Protein chains: 4
Amino acid sequence: MANRILSHEGIIDSFGHVNVRHPLHKDRYLLSRSRSPANLTRGDIMEFTQDGEKIGDDPRSPYKERHIHGAIYKDRPDVNAVTHHHARPIIPFTMNKVSLRPMFHMAAVIRKEIPTWDSQDEFGDTHMLLDSMEMGHSLSKVLGQNSVALLRGHGCVCVAQNLNAVCLVSMGARDNAEPVHQTMQIGEVTALTDGEIDMASELLLNDMALARAWDYWIARAGFAGL
Amino acid sequence: MANRILSHEGIIDSFGHVNVRHPLHKDRYLLSRSRSPANLTRGDIMEFTQDGEKIGDDPRSPYKERHIHGAIYKDRPDVNAVTHHHARPIIPFTMNKVSLRPMFHMAAVIRKEIPTWDSQDEFGDTHMLLDSMEMGHSLSKVLGQNSVALLRGHGCVCVAQNLNAVCLVSMGARDNAEPVHQTMQIGEVTALTDGEIDMASELLLNDMALARAWDYWIARAGFAGL
Amino acid sequence: MANRILSHEGIIDSFGHVNVRHPLHKDRYLLSRSRSPANLTRGDIMEFTQDGEKIGDDPRSPYKERHIHGAIYKDRPDVNAVTHHHARPIIPFTMNKVSLRPMFHMAAVIRKEIPTWDSQDEFGDTHMLLDSMEMGHSLSKVLGQNSVALLRGHGCVCVAQNLNAVCLVSMGARDNAEPVHQTMQIGEVTALTDGEIDMASELLLNDMALARAWDYWIARAGFAGL
Amino acid sequence: MANRILSHEGIIDSFGHVNVRHPLHKDRYLLSRSRSPANLTRGDIMEFTQDGEKIGDDPRSPYKERHIHGAIYKDRPDVNAVTHHHARPIIPFTMNKVSLRPMFHMAAVIRKEIPTWDSQDEFGDTHMLLDSMEMGHSLSKVLGQNSVALLRGHGCVCVAQNLNAVCLVSMGARDNAEPVHQTMQIGEVTALTDGEIDMASELLLNDMALARAWDYWIARAGFAGL
């Protein structure tokens, strides 16, 4: 359902993915086989160790970039869901010093600092995909304790405590990029204060607000009868 | 129906709301329980005093920000419908001195002055939601006799004499923000004159024009058979 | 069908209209009663003299702005179809000297000169609607032999030899405004030459090209079985 | 299916086309009769020599601009599919020196150089359509060994080794134009390096990635059951 939601809301398209830490085996995660998020169903979900190895005898091809997720699950016990996406409005922010810091309350969930990881720094010219645990760890180090990290010329990674929340964070990154860009063309951007970001994000990430958003997203994505 | 219309037209999403003064008890208002506007039905409507207290023994959770509405109904006997929303194109205008004054006739309904309320001025760092009568009154004072007030880093509030009209005003705020932003990039914005705003808004807010717009909105929102 | 097409393509919404010269009585025109173009059906069409008087004993309310059309039909025997609309991307061009001259071949149908009519010039402060023959004539004089005229702070009027063509011209005005605006932000706009506009518009307005476009529009607007 | 995909994704509209080299007769190509891509079906496909002559006794009208394709098939034995389209975001880049070089990995498929062909250079004022083999050859010479060429005031042509790939290249041109334009308004554009373009495009144009994208596109275009 998170895959369908993020597809419907224009965050992921034929590429990009969302995944979740295994609810019983904390050192594993669940992620679809390599397939467009818009198309997949329950049967497409595979199980991986944190090192990206398939659990069991599964012949299906996984996403090359799954190593992003394993590396973050290792480093961040507070994180239970991760997305990697290329929502177009964030691309301009991946290659310069313009801050994506939240400028309106709904975006507070992306938190105060949004660092940028550049594959050139440690790996030089690559095919731009994070397809090794080494690259996953490198990105995870730049992400640190933040909720969103940008990838130069590529996209971003978003993390949260659960699937509902990581959807809100993923949309928040896109929904903040657009008005920041627009505001820069007509005046100064006034970001939220540290206190506002702390308080607004706590409120938006509580169970009641997340349930309300989820209820809205699944209806839009066509799960109206659920 | 107003909730569905404003959702369909992209004014409100999982957050934001529209409500109406009680047609019989002028000191009460009707507002949905805390639920996404796109999803709600007639049974979700709750009744409140102007101080935001639930009428009767209703166990459902109301919107935290309902106090916006009660405070305005107290101060503005001419107002019978209020929306609070975060339509994205208005966000850049909530944090600077750029005027949202109408630049084309369809936006005349947002009226001559569009003041900005900043939660920092009286309340300092907050979670950005107007969840007390005190904040509601503070906003209502800034709104004054105008039809739209912006909320810094947050969104706006729109008021009108009835539900049809408040939908037109809500869309007018968004529909004016976009061309003002675009015009600033290629030249000078020429706002409508006071006389034009008075005459055009009177014409657009008459019953016949509102009925025509409503007829259009409900067809688009899927109420075609009504 | 032209009403439905222009609604579906985002040219007209609850306001704006399209009409056609009467095929048998050249001094009359056909225009819907005052209703949203998206909703209307064959039975909504009314008949008017060029002075905007209803033919026969028709109790329905006509559009206030019908006088735009009558005045143009009087002055331009080559014109058999007219639209009046407020497609948002053209609004920024109604209030400054930035030229809307075509910059790509599909927009050549809007022709070389796009004059602007300002209601202030002859009428001072108004409610911005062209609701008299006097205003219609004033606009028609500014339009002259061109295909599109802008209305300051309001929208535009488009004319052509038939309904198919006036739809293409109406979309051309919007479709040219967007890239002109975008190009101004990254460099110089190079408009088409006079020769290119003449030849490209002649090609696009021939029967075969118009039939191909019409075939596309009606399928999109939901008339797939026709 | 490629026609439907490109229509649904907003690359082609009532004009623009996609075609493929004949799989058995390498000196022929398959292209629809002159009809909107969104509407056509299998029966609309016609067969042409590389000089644009119809194979057999086919009474239907072909696209005037088919000569683009024949000229490229002659010059580029590695190319098996070609599109010609006017996706709006690329129009501003057809008339200035602003580089469309890829700035994010998904756009790497449009390759390092994106030359511009101007009909004025060899043909002076025209109706802007490439309706002769002479114009086709002129464009093909400017395209050279690249994957995309822009046409001044008109649109672009995209080539690839197969239909899946030419869809990805066609969308890549549009999807790169948008963030390049946006980035120029807030800072410097950092294009991908030569090595990154080589490696990322090779990865995206392999069979597995193309199948995943195709699977997504056909579901969106309404071929969900296939």
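**View 1. Aromatic pairs in the predicted model, with Trp214(B) and Trp217(B) as one of them.** Over all chains, a search of the whole structure finds 16 aromatic pairs, where rings of Phe, Tyr and Trp (its six-membered ring) pair if their centres lie within 6.5 Å, and planes under 30 degrees apart count as stacked, over 60 as edge-to-face and the rest as tilted. The pair formed by Trp214(B) and Trp217(B) is edge-to-face, at 6.4 Å centre to centre with 75° between the planes. Trp214(B) and Trp217(B) stand three residues apart in helix H7 of chain B and are therefore separated by about one helical turn. Trp214(B) is buried at a relative accessible area of 16%, and Trp217(B) is likewise buried at 2% (buried means under 20% relative accessible area, exposed over 50%, partly exposed in between, with a 1.4 Å probe and protein chains only). The model is a predicted one, in which local features need pLDDT of at least 70 and side-chain atom pairs count only at pLDDT 80 or more, while totals for chains, interfaces and linings use all residues. Residues are numbered from 1 along each chain as its sequence is written, chains are lettered from A and ligands numbered from 1 in the order in which they are written, and side-chain values use heavy atoms, with hydrogens and water left out.

**View 2. The pair Trp214(C) and Trp217(C) in helix H7 of chain C.** Trp214(C) and Trp217(C) form an edge-to-face aromatic pair, with 6.4 Å centre to centre and 75° between the planes. Both residues lie in helix H7 (residues 207-220) of chain C, three residues and about one turn of the helix apart. Trp214(C) is buried with 16% relative accessible area, and Trp217(C) counts as buried at 3%.

**View 3. Packing of helix H5 against helix H7 in chain B.** Helix H5 (residues 163-184) and helix H7 (residues 207-220) of chain B pack at an angle of about 75°, their axes 10 Å apart, which makes H5(B) roughly perpendicular to H7(B) (the term covers angles of 65 to 115 degrees, with those under 35 roughly parallel, over 145 roughly antiparallel and the rest oblique). The contact (heavy atoms within 4.5 Å) is made by Leu163(B), Asn164(B), Ala165(B), Cys167(B), Leu168(B) and Met171(B) of H5(B) and by Leu210(B), Ala211(B), Trp214(B) and Trp217(B) of H7(B).

**View 4. An aromatic cluster of chain A.** Tyr29(A), Phe48(A) and Tyr73(A) form one aromatic cluster. Chain A averages a pLDDT (the predictor's confidence in each residue, from 0 to 100) of 95, with 99% of the residues scoring at least 70.

Technical notes: Axes fitted to C-alpha atoms, helices over the stretch in contact; angles between N-to-C directions. Helix = DSSP H or I, 4+ residues; strand = E, 2+ residues; numbered from the N terminus.
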